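Q: Could you walk me through this fold, one feature at a time? I'd like the general idea first and then the case at hand.

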Amino acid sequence: MHRCAICQNNRAQVIRPKNGQKICKNCFLEVFELEVHTTIVENNIFPSRGERVAIGASGGKDSTVLAATLKALNERYDYGVEFVLLSIDEGIHGYRDDSLETVKRNAIQYEMELCIVGYDALYGWTMDKVVEKVGRKGNCTYCGVFRRQALDRGAKRLNISHILTGHNADDIAETVLMNLLRGDLPRLGRCAEIMTASLTSPMRRSKPLKYAYEKEIVLYAHYRELDYFSTECVYSPEAFRGNARSLLKELEKIRPSSVLDIVRSGEQLVHNAVSPVKLGCEDPKRNWREERMGLVNGSQTLSDEPVNPKLLPKIVHKTRNDATYQITVRSVQQPIPSVKLKFFIFFA
Ligand SMILES: [Zn+2]
């Protein structure tokens, strides 16, 4: 019998994927919560007491574990934060209507206020109606964009400017791989960040489970006997994500630490990412030493949306010391309009 590597007393029941450590059930629950707490403290996720924060709650394992853990930690470490469950009803019969019942029970179990925002009320249509019209292809990506926007609107309605999501280490590693395979460095950088905020929106988004393995989230939910909904969405998932997911699973078999290693690689790439401005430089002879980039107008929040930046900058104005360029970023998703950006560059 293996003894627990932490308490040296109980029988080991869990092998941690991130380091192979064999530990008992009690130590697992303790260390899981402690690691989420460490992530919160080290990244200053709750900078001020008295803040109301929304938890994007789908009724699935990730957001349910997030809500349960945060309730426990808020009581144990006294963050002084008030959590509200915010759910989006995409209007998917046989999936979302059932999972929302789970969220309603969670709201009672965790004594949290619940707010449900529907696509129907926000946009005047449901995903069921959209799929009926346009078919099943690609609607996962499409739906994701609208869910993100709906979360923003729901939070605004609640007078909240901070949303927590249940993204785990596997989700982030998958997204890092996808962006790497697409050659999309700017978006790769953003997906690996624990907190994101944009210039045009006061909404902050954080992922407290960023370093938690999916396997451990499932185990945590199982040991704590959490009430969650485990059915997959009835509509086709994003095919490319599926490929990235299979790749990640294969890598994890060979080397279990791969998941976190990829997340860390994504973080490292953020610091080394080439700015799109440099990619769009029309004048290769010029030695670009710009340190500062100022926006004349427009926004810097492009990577929030599924846009395909066509980097064809046009010189609007140029002197010895600075230049103003204009680029048009064409959206690949029809509902999102193209954006014209102007930016200027200082040559150091
Ligand atoms: Zn133990």
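Q: Among contacts in the protein chain between residues at least 6 apart in sequence, what percentage join residues at least 24 apart?

A: First, keep in mind that this is a predicted model. In the protein chain, 70% of those contacts join residues at least 24 apart. For the overall inventory, the chain comes to 12 helices and 13 strands. Of its 348 residues, 32% count as buried.

Q: Let's take helix pairs. How do the axes of α1 and α2 cross?

A: Two packed helices are described by the angle between their axes and the distance between them. Here, α1 (residues 25-42) and α2 (residues 61-77) have axes that come within 10 Å and cross at roughly 75 degrees. That makes α1 roughly perpendicular to α2. On the α1 side the contact is made by E33, V36 and H37, and on the α2 side by T69, A72, L73 and Y77. Sorted by class, that contact has four nonpolar, two polar and one charged residues.

Q: On to the sheet. What is the strand order in the open sheet of six strands?

A: Strands of a sheet pair through backbone hydrogen bonds, either parallel or antiparallel. In this open sheet the order reads β5-β4-β3-β6-β8-β7, and the pairing is mixed. At the edges you'll find β5 (113-118) and β7 (195-197); each has a single partner strand, so one side of each is left without a neighbour in the sheet. From one strand to the next, the twist averages 25 degrees.

Q: How many bridges join β4 to β5?

A: Six bridges join β4 (residues 82-89) to β5, and the two strands run parallel. If you want a place to look, L85 stands opposite L114 in β5.

Q: Which strands do α2 and α6 lie across?

A: Helix α2 lies across β3 (52-56), β4 and β6 (162-164), running at about 150 degrees to β3. Helix α6 (residues 139-157) lies across β3, β4, β5 and β6, and its angle to β4 is about 135 degrees.

Q: Which residues touch the most other members of the largest nonpolar core?

A: That core has 62 residues, and I55, A173, V176 and V263 touch the most other members. Take V263: leaving out residues up to four places away in sequence, V263 touches A169, I172, A173, V176 and A192.

Q: Now α10. How far apart are R241 and T175 in sequence and in space?

A: R241 lies in helix α10. R241 and T175 are 66 residues apart in sequence and 7.5 Å apart in space, C-alpha to C-alpha. Again leaving out residues up to four places away in sequence, R241 touches E174 and M178.

Q: Last one, backbone angles. What is phi of D78, and what is phi of E111?

A: Most residues other than glycine have a negative phi. For D78, phi is near 50 degrees, a positive value in a residue other than glycine. D78 is found in the loop between α2 and β4, and D78 is exposed, with 9 other C-beta atoms within 10 Å. For E111, phi is near 50 degrees, again positive. E111 is found in the loop between α3 (96-109) and β5. With 8 C-beta neighbours inside 10 Å, E111 counts as exposed.

Definitions and conventions: Residues are numbered from 1 along each chain as its sequence is written. This is a predicted model: local features need pLDDT of at least 70, side-chain atom pairs count only at pLDDT 80 or more; totals for chains, interfaces and linings use all residues. A nonpolar core is a set of buried Ala, Val, Leu, Ile, Met, Phe, Trp, Tyr and Cys residues joined through C-beta atoms within 7 Å. A residue is buried if 20 or more other C-beta atoms lie within 10 Å of its own, exposed if 12 or fewer, and partly exposed in between; C-beta atoms are placed from the backbone. Two residues are in contact if their C-beta atoms, placed from the backbone, lie within 7 Å. Axes are lines fitted to C-alpha atoms, for helices over the stretch in contact, and angles run from 0 to 180 degrees between N-to-C directions. Helices (H or I, at least four residues) and strands (E, at least two) are DSSP runs, numbered from the N terminus. Angles under 35 degrees count as roughly parallel, over 145 as roughly antiparallel, 65 to 115 as roughly perpendicular and the rest as oblique. Ala, Val, Leu, Ile, Met, Phe, Trp, Tyr, Cys and Pro count as nonpolar, Asp, Glu, Lys and Arg as charged, and the others, Gly among them, as polar. Two strands pair if DSSP finds at least two bridges between them.
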